[in-house]
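Subject: Handover of a structure and notes on its contents

Dear colleague,

Please find below the structure that I am handing over to you.

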Amino acid sequence: MSESNESVRISRFLMFVVVLLIMVLGRVYIGSVVEYNRAIVAAGANDEISAIIHHGRAIKWYAPLNPWVKDSAQALWDIGESAAKRGDMKTAIFAIETLRSSLHAARGPFQPMTEWIDRSNLWLADHIIQE
């Protein structure tokens, strides 16, 4: 009898942990998609600064396999490149610094998306020296 009570308690505890994990991951994904959508709306209104801020926030909601983090990283890179090509270095540097700092802020037990950090570091080193 004691063994079955123990196994019931363990299974309930594990079920609680799984439900809690699903709730946390759901909140992370919802937060990310909300910020990503705000960035898209801002970009559609030609408000690059707000788009940069919201893409940065979307990245900070990092979770493995979160597509909005990857899309926001690409969007920040594209905004930075586009701004640099038209000579708006202030916006370009802000976009690339936001990309880099957002990924550093999303760090947990490991550093996600290090290739974007490396690209950003190289880009900033090249363009800040020119500035």
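The model is predicted, so local features need pLDDT of at least 70 and side-chain atom pairs count only at pLDDT 80 or more, whereas totals for chains, interfaces and linings use all residues. Residues are numbered from 1 along each chain as its sequence is written, and side-chain values use heavy atoms, with hydrogens and water left out.

Overall form

The protein chain has 5 helices and 0 strands; helices (H or I, at least four residues) and strands (E, at least two) are DSSP runs, numbered from the N terminus. The radius of gyration of the protein chain is 20 Å, well over the 14 Å that the globule rule gives for 131 residues, so the chain is more spread out than a compact globule. This radius is taken over C-alpha atoms, and the globule rule is 2.2 Å times the number of residues to the power 0.38. Along the principal axes, the C-alpha atoms fill a box of roughly 75 × 30 × 15 Å.

Of the 131 residues, 34% are buried. Buried means under 20% relative accessible area, exposed over 50%, and partly exposed in between (1.4 Å probe, protein chains only).

The core

The largest nonpolar core has 22 residues, and those with the most contacts inside it are Ile59, Leu99, Leu103, Trp116 and Trp123. Helices H2, H3 (67-85), H4 (89-105) and H5 (114-130) each supply at least two residues of this core, with the largest share, 7 residues, coming from H4. Such a core is a set of buried Ala, Val, Leu, Ile, Met, Phe, Trp, Tyr and Cys residues joined through side-chain atoms within 4.5 Å.

Leaving aside residues up to four places away in sequence, Trp123 touches Trp77, Gly80, Glu81, Ala84, Met89, Ala92, Ile93 and Ile96. A contact means heavy atoms within 4.5 Å.

His55 lies in helix H2 (residues 48-60) and is buried, with a relative accessible area of 2%. Its partners, again not counting residues up to four places away in sequence, include Tyr36, Ser72 and Ile79. Asn37, in contrast, lies in helix H1 and is partly exposed at 41% relative accessibility. The C-alpha atoms of Asn37 and Ala51, 14 residues apart along the chain, are separated by 9.4 Å.

Salt bridges

The whole structure holds 4 salt bridges; a salt bridge is a side-chain nitrogen of Lys or Arg within 4 Å of a carboxyl oxygen of Asp or Glu. One of them joins Arg9 and Glu6 (3.4 Å, N to O). These two residues are 3 apart in helix H1, about one helical turn. Arg9 is exposed at 57% relative accessibility, while Glu6 is partly exposed at 39%.

Glu48 and Arg86 also meet in a salt bridge (2.4 Å, N to O). Glu48 lies in helix H2 and Arg86 in the loop between H3 and H4, so the pair ties together parts that are 38 residues apart in sequence.

Yours sincerely,
A colleague
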